[in-house]
Amino acid sequence: MTITISGVGKVFGDFTAVHPLDLTIPEGSFFALLGASGCGKTTTLRMIAGLEEPTSGSILLGDQDITALPPHERPVNTVFQNYALFPHLDVRENIAFGLRRRGITDVKDKVDEMLDLVELGSLGRRKPRQLSGGQQQRVALARALINRPRVLLLDEPLGALDLKLRRQMQLELKRIQSEVGITFVHVTHDQEEAMTMADSVAVMYGGRVEQLGPPAELYEHPRTTFVANFLGTSNLVEAEVTAVGEDAVRLRPTGTEDTLRLPADRCPPLPADGERRVPEEGEKLLVGVRPEKISLAHADDASVPAGRNRLNGRIRDASYLGVSLQYVVDSPACPGLLVYEQNVERDTRLTPGSDVVLHWQPAHTFALDADRAEPSAAGEGVA
């Protein structure tokens with residue numbers, strides 16, 4: 001069921017937790033509200049659930065205005081981080097609890113269906129204390145889904161799991177959502193969770209949505225420094241526009257005589273509508289590139305392919321991470337540039353103190369307005 005949030009805001013006393021926001025969450029999608037603690041994401045989720053009353057605006061499920069409905073009258077269920085399972089009931093009875101509250105006594109087939117969905121068919125008679133954290137989370141999911149809600153809300157549901165299990169459950173949650181086909185709204189502070197599972201992500205900061213879109217779009221085309229650095233890591237270099245062409249813009253990084261090329265379709269967006277604009281000569285921009293997009297060549301090599309963006313630098317630090325190597329490189333353009341190189345063919349000369357050339361495809365470059373690079377909302381929020 002499509003969720004339409006129109007001008008919804010929340011004020012606690014003299015503090016604005018969520019500034020009026022507009023969101024449309026398509027029916028059957030996996031939607032993530034992503035942000036650090038205090039950004040307003042959980043408050044937004046609680047307003048959808050009916051656990052908080054909006055100060056302004058309206059919330060629609062399909063064509064139904066649910067803004068004033070109490071939680072039990074909304075076709076919505078919520079899974080919380082602590083799962084809230086009943087310790088004295090076994091798995092089957094925990095899952096059946098919602099049906100029994102509604103006076104339904106013939107629950108066996110529905111419980112069996114849910115146990116199959118969450119792949120716990122052989123554990124139906126165990127108590128919650130006899131289950132792992134991941135198994136408890138599956139029981140909580142089954143209990144929420146057995147009532148056939150039109151929307152499932154998930155409030156940091158993987159936060160209590162260890163890293164390996166959390167990654168397994170990310171795939172399981174996506175599988176379950178695809179099978180049941182209902183709208184999932186997932187609140188998380190973990191960008192990997194959002195990127196792995198969600199069809200669309202709203203990145204929140206200070207009670208506002210900084211940017212909304214598919215994960216790949218947010219990662220490859222961030223609009224603010226907050227989004228660029230919250231979704232992964234970005235190297236941001238201040239540069240001045242020296243020439244504007246039809247297909248590309250040329251820039252000179254501050255403190256260097258190097259030239260960088262920026263494709264026209266990677267120029268900064270206008271803040272209101274997201275449309276790209278043409279920068280002017282002499283304008284200052286922040287030029288960004290992700291660490292994994294950069295290659296390193298020792299300064300003694302002349303093997304940097306023509307047409308690539310390049311900067312000179314010196315390695316400050318090198319770390320072996322197993323799957324990759326992480327380098328910290330100081331450049332006249334910017335100190336502390338990060339480079340991730342896949343651990344395939346390791347150049348043993350790339351050690352601290354070595355002079356190097358950083359190079360990458362111009363198409364992997366993005367740019368932000370230097371005077372609008374900070375997040376659009378200042379100040380702290382509530383969760």
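Guide: Buried means under 20% relative accessible area, exposed over 50%, and partly exposed in between. The model here is predicted.

Visitor: Is Glu119 buried, exposed or partly exposed, and what is its relative accessible area?

Guide: Glu119 has a relative accessible area of 49%, so it counts as partly exposed. Its place is in the loop between H3 and helix H4 (133–145).

Visitor: What is the phi of Glu119?

Guide: Most residues other than glycine have a negative phi. Glu119 has a positive phi, near 60°. Glu156 also has a positive value, near 50°. Glu156 lies in the loop between strand S7 (151–155) and helix H5 (163–180). With a relative accessible area of 11%, Glu156 is buried.

Visitor: How are two packed helices described?

Guide: By the angle between their axes and the distance between the axes. In this model, helix H2 (residues 91–101) packs with helix H3 (residues 108–117) at an angle of about 120°, the axes being 10 Å apart. H2 and H3 are therefore oblique to each other. The crossing of H2 past H3 is right-handed.

Visitor: Which residues make the contact?

Guide: H2 gives Val91, Arg92, Ile95, Ala96 and Leu99, while H3 gives Lys108, Lys110, Val111, Asp112, Met114 and Leu115. Seven of these contact residues are nonpolar, none polar and four charged.

Visitor: In what sense do strands S12 and S13 pair?

Guide: Strand S12 (residues 248–253) pairs with strand S13 (residues 260–263) in the antiparallel sense, over four bridges. Arg250 has Arg261 of S13 as its bridge partner. Six residues stand between the strands of this hairpin, where Gly255 takes a positive phi near 85°.

Key:
Residues numbered from 1 in each chain as written. Predicted model: local features only at pLDDT ≥ 70, side-chain atom pairs only at ≥ 80, totals over all residues. Heavy atoms only, no water. Pairing = 2+ DSSP bridges. Helix = DSSP H or I, 4+ residues; strand = E, 2+ residues; numbered from the N terminus. Axes fitted to C-alpha atoms, helices over the stretch in contact; angles between N-to-C directions. Parallel < 35°, antiparallel > 145°, perpendicular 65-115°, else oblique. Left-handed = near helix turned anticlockwise from the far one by under 90°. Contact = heavy atoms within 4.5 Å. Nonpolar A, V, L, I, M, F, W, Y, C, P; charged D, E, K, R; others polar. Buried < 20%, exposed > 50% of the residue type's maximum accessible area, 1.4 Å probe, protein only.
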